[in-house]
Amino acid sequence: MESNQAKNSLLSSHDNIQRTQYPYVTGTSVVALKYKDGILMASDMGGSYGSTLRYKSVERLKPIGKHSLLGASGELSDFQEILRYLDELILYDNMWDDGNSLGPKEVHNYLTRVMYNRRNKFDPLWNTLVLGGVKKGQKYLGMVSMIGVNFEDDHVATGFGNHLARPILRDEWREDLTFEEGVKLLEKCMRVLLYRDRSAVNKLQIAKITEEGVTISQPYSLKTFWGFSAFQNPTVGAEGSW
Amino acid sequence: MFRNQYDTDVTTWSPAGRLFQVEYAMEAVKQGSAAIGLRSKTHVVLGCVNKANSELTSHQKKIFKVDDHIGVAIAGLTADGRVLSRYMRSECINYGFTYESPLPVGRLVVQLADKAQVCTQRSWKRPYGVGLLVGGLDESGAHLYYNCPSGNYFEYQAFAIGSRSQAAKTYLERRFNSFMDSSRDDLIKDALLAIRETLQGETLKSSICTVAVVGAGEAFHVLDNETVQKLIDAFEIAGGEEAPAAAPDAAAEEGGAADQGAAADQGAAAADQGAATEEGVAPMDI
């Protein structure tokens with residue numbers, strides 16, 4: 001009897017599993033929008049270990065199959081696990097070799113099921129995911145959160161982007177944005193995020209997906225100007241705050 | 001004493017390379033009342049003959065809706081058919097839950113065929129005694145498949161299974177070239193005429209047949225009796241028994257009238273032919 005109990009605690013049986021209670025290495029905002037020919041998505045390449053900017057070259061935008069593009073913020077190892085699920089999903093889909101393929105809507109719904117299922121096990125995948133794609137001339141852009149909340153929209157942003165980028169997008173987004181205008185708008189959002197989100201880094205990628213497929217840009221930096229007086233003395237005019 | 005040494009269980013080969021139990025299962029399909037299917041680019045029509053076992057009973061249902069985009073018509077053991085339809089329904093629902101989109105027809109058919117195949121390779125099982133015509137729509141268009149107890153499946157433009165199906169097959173073989181561009185209504189008419197071929201003498205009435213349609217913008221549904229009777233009357237009354245006429249469009253009418261006479265003799269010829277083929281050929285070829 002005693003030895004049995006000892007065995008149980010050593011092998012950690014079903015009644016004491018450790019679940020993800022907080023994330024370790026995280027990526028910050030992803031911003032995405034629909035434009036004339038498809039979807040544009042942007043994210044920086046930082047990986048934060050707590051508040052330490054630990055990694056500087058993490059790719060957080062990935063193509064999924066032929067018609068979809070996935071961007072992730074949150075726990076980076078959980079993102080890698082999600083990518084494994086999706087690789088398998090797309091592989092088995094291709095193995096049918098029958099002319100049918102999973103489009104962005106299907107992948108988005110699959111991710112919703114995975115996220116919600118894990119949250120119900122009290123073991124969530126600590127991410128907010130953005131899924132965009134084009135199939136048969138149909139543009140698709142949606143989001144899933146770590147607890148399974150999901151929706152579609154013309155433009156989306158995760159994390160800090162929700163507070164800082166969405167208002168800009170609401171003001172300036174149009175249905176018929178060209179590629180150049182779209183990139184400009186995303187860069188505007190990313191610049192604001194870079195200034196105000198302490199875990200953002202100045203190294204980002206922009207990806208586009210159209211009927212022709214996915215292209216992800218090389219990493220690059222935004223021009224910045226830190227000489228604004230508000231940056232130099234942020235408490236001026238805000239007496240009584242920090 | 002023994003008629004056949006090699007047919008006592010499913011997994012035993014005959015020296016000629018045949019699996020008799022599997023072939024017997026395919027015979028069961030031929031015993032069942034006929035079911036037919038045909039398709040155009042955008043629509044699939046399934047039809048079947050309803051035969052009641054006795055004066056005192058109603059007939060058994062032979063056409064099942066699987067999902068909005070898929071339906072089946074069966075011939076053979078109805079009980080097995082119901083089990084397989086239930087399986088197909090649940091596969092469609094599960095796919096819909098995960099991907100929020102309809103399960104491609106071809107994939108469902110492969111899963112179904114794999115399920116049937118397992119029964120031909122397990123000593124403690126028996127093959128399903130039912131043939132299924134699976135009609136449906138997906139992103140690559142309209143499809144019609146035939147699923148066999150042997151685990152084989154085939155895609156068809158038009159096909160018929162069950163008793164006296166050879167006559168319907170002959171009718172369909174003569175007409176299928178035009179099916180791809182057929183309108184929905186012409187397809188239904190051809191379905192009814194093909195069903196009539198299997199009746200041998202008996203008159204076609206809505207009470208002895210069922211017709212179902214699935215197509216672009218039209219979820220799978222069984223046509224109600226009045227609709228079917230109206231369609232039958234449209235070509236029976238107008239042209240008399242032998243020459244259906246006065247159908248809405250002239251081209252189809254001409255074609256229908258032309259081959260109606262021919263189809264009559266053909267039917268007789270097909271009957272002999274059917275008997276001949278059924279005897280000699282190994283049912284595995286189906």
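User: What makes S8 and S9 of chain A a strand pair, and in which sense do they run?

Analyst: In this predicted model, strand S8 (residues 127-135) and S9 of chain A share 7 bridges in the antiparallel sense. Pairing takes at least two bridges, so they count as paired. One of these contacts puts Gly132(A) across from its bridge partner in S9(A), Leu141(A). In the hairpin of the two strands, with 2 residues between them, Lys136(A) has a positive phi near 50°.

User: Why is S9(A) called mostly covered?

Analyst: Strand S9 covers residues 138-144 of chain A, and 5 of its 7 residues are buried. Buried means under 20% relative accessible area, so those 5 residues fall below that cut-off.

User: How do you know what S9(A) does with S10(A)?

Analyst: Strand S10 (residues 150-152) of chain A is joined to S9(A) by 3 antiparallel bridges. With at least two needed, that makes them a pair. Met143(A) stands opposite Phe151(A) of S10(A). The hairpin here has 5 residues between the strands, and Gly148(A) in that hairpin takes a positive phi near 100°.

User: What makes S11 and S13 of chain A edge strands?

Analyst: Look at the open sheet of 5 strands in chain A, ordered S11-S2-S3-S12-S13 with antiparallel pairing. S11 (155-157) and S13 (213-216) each pair on one side only, and that puts them at the edges. From one strand to the next, the twist averages 15°.

User: How do you know that S12(A) and S13(A) pair?

Analyst: Strand S12 (residues 204-210) and S13 of chain A run antiparallel with 4 bridges; the criterion is at least two, so they qualify. Lys208(A), for one, has Thr215(A) in S13(A) as its bridge partner.

Key. Residues are numbered from 1 along each chain as its sequence is written. Chains are lettered from A and ligands numbered from 1 in the order in which they are written. This is a predicted model: local features need pLDDT of at least 70, side-chain atom pairs count only at pLDDT 80 or more; totals for chains, interfaces and linings use all residues. Side-chain values use heavy atoms; hydrogens and water are left out. Buried means under 20% relative accessible area, exposed over 50%, partly exposed in between (1.4 Å probe, protein chains only). Axes are lines fitted to C-alpha atoms, for helices over the stretch in contact, and angles run from 0 to 180 degrees between N-to-C directions.
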